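Hello,

Please find the structure handed over below. My notes on it follow.

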Amino acid sequence: MSGINYSEKIPNNVNLVSDRTLQRALEHWQPHFIEWWKGMGPSDFQSADVYLRTATSVDAQGWATYGTVKMPDYRWGIFLADQQADRKIGFGDQMGQPVWQQVPGEYRSTLRRLIVTQGDTEPASVEQQRLLGHTCPSLYDLRNLFQINVEEGRHLWAMVYLLHAYFGRDGREEAEELLARHSGDADKPRILTTFNEPISDWLSLFCFTYFTDRDGKYQLKSLAESAFDPLSRTCRFMLTEEAHHMFVGETGLGRVVKRTLEVMKEIGSDDPGKVRAAGAVDLPTLQKYLNFWCSSSLDLFGSEISSNSAANFANGLKGRPDETQYEDHVLRSSTFKMGTPAGTEEVPMLNALNEVMRESYLKDCEIGLKRWNRQIERAGFPFRLTLPSSRFRRTIGAWAGQSVDPQGKMLSKEEYENKLHSWIPSEADRAFVHSLMRKVVEPGKMAAWIAPPERGINNLAVGYEYVKLH
Ligand SMILES: [Fe+2]
Ligand SMILES: [Fe+2]
């Protein structure tokens, strides 16, 4: 694997050929990445020809170049959004000063931690999803899964590039560790809990891409504001790819709702047992999956009251998503009314930024639910899907371990435990969903529990053979 011509093999816009040290570091890491991909990436489909989008440059023509490729030959590239001339720090105590092209010594370990934590989620999700190909509902969906997987691989490359290029030896060690931790591993798990949850069915995949990739969007948006310019530019480009991952989640769940409504009309009943018997996902079960993945993803924003988020903001390391939409970018004199189990507390705004981000995230999550509820309403059924309260089933922050129902109401511990499996999937619910998961690989055919998409990829037909299996 040595002697790779990086200018050919690794598309990049960081002038890799001009930096021998960096090139050597990446040459050393690259075979470890491929080994990881073959061992921990999509199981059994490494020789399939997959219709994939590859970024070959950051401009409008190059960022989405489509072609057929075997996944291990995917050209994982390193791309940063174009540098903005005279970019200034947009928030915090150093607002208005020029952004940094190198890592300031005093923020080195914090920035490294932020990059490692983001980087860790990328290969983690590939590991979580590695067996899903065996139960794909269609070739269209299989291709979308693999598109997400290779792009998460590219996001890992993006973070490893930053570690190698700006953090010297510790950065190289962290890059190795990113391949050594594994999702769900008892000894060396991934850093964040949500990324250790198994994703063993496609309903979970659609929830994960709807809720957890959306958390990714918010994290990337807040890092895109960073005063460390290479991090900002890296995250800005990653966001273009992230949009497709959330598209898969939103349209995937929408197609599940559509199919379920068709079945409910066919059988003339909304009885969950009858809907299940007819081979579709009943809406109460879908609600449980939404509750599970939404609450799990809410933890990713961290504690309600956080001195780390305050320091990261004040120092210019991590802003709020879309920082320019706010008026006050320093936040030294504003406060936030925070609901905690002990009552409402007034806390410095700087310490409440995780909660600010969580609230705007939940608003973004509402958009899909409104659409699905319109579908249900139009079909004439009274059921409505909802998001759980941000206090439900939390394991981090002020509400951790509290007995709160999905509406946000405090219950006794006993009542909570008795009812928990009416709110999140039980073993029986999971077994039912698993029973629906059968591989469908005839071009254009869909599994019975999901409606076809409205259109194919890149103007191709839905029935196009997006994955050629051998
Ligand atoms: Fe990602
Ligand atoms: Fe993603």
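Glutamate 152 counts as buried, at 3% relative accessibility, and histidine 155 is buried too, with a relative accessible area of 0%. Buried here means under 20% relative accessible area (1.4 Å probe, protein chains only). This is a predicted model, in which local features need pLDDT of at least 70 and side-chain atom pairs count only at pLDDT 80 or more, while totals for chains, interfaces and linings use all residues. Residues are numbered from 1 along each chain as written, chains are lettered from A and ligands numbered from 1 in the order written, and side-chain values use heavy atoms, without hydrogens and water.

Glu122 (OE), Glu152 (OE) and His155 (ND1) coordinate the iron ion (ligand 1) at 2.0 to 2.2 Å. Donors are N, O and S atoms within 2.8 Å of the metal (3.2 Å for Na, K and Ca); water is not among the atoms, so sites may look incomplete. Glutamate 152 also bridges to the iron ion (ligand 2), and the two ions lie 3.5 Å apart. Because glutamate 152 and histidine 155 are three residues apart in helix H4 (residues 139-166), about one helical turn separates them. Helices are DSSP runs of H or I with at least four residues, and strands are runs of E with at least two, numbered from the N terminus.

Strand S3 (residues 335-340) and strand S4 (residues 343-348) run antiparallel and are joined by six bridges; strands pair if DSSP finds at least two bridges between them. Threonine 335 has proline 348 in S4 as its bridge partner. A hairpin of two residues connects S3 to S4.

Regards

Key
Buried < 20%, exposed > 50% of the residue type's maximum accessible area, 1.4 Å probe, protein only.
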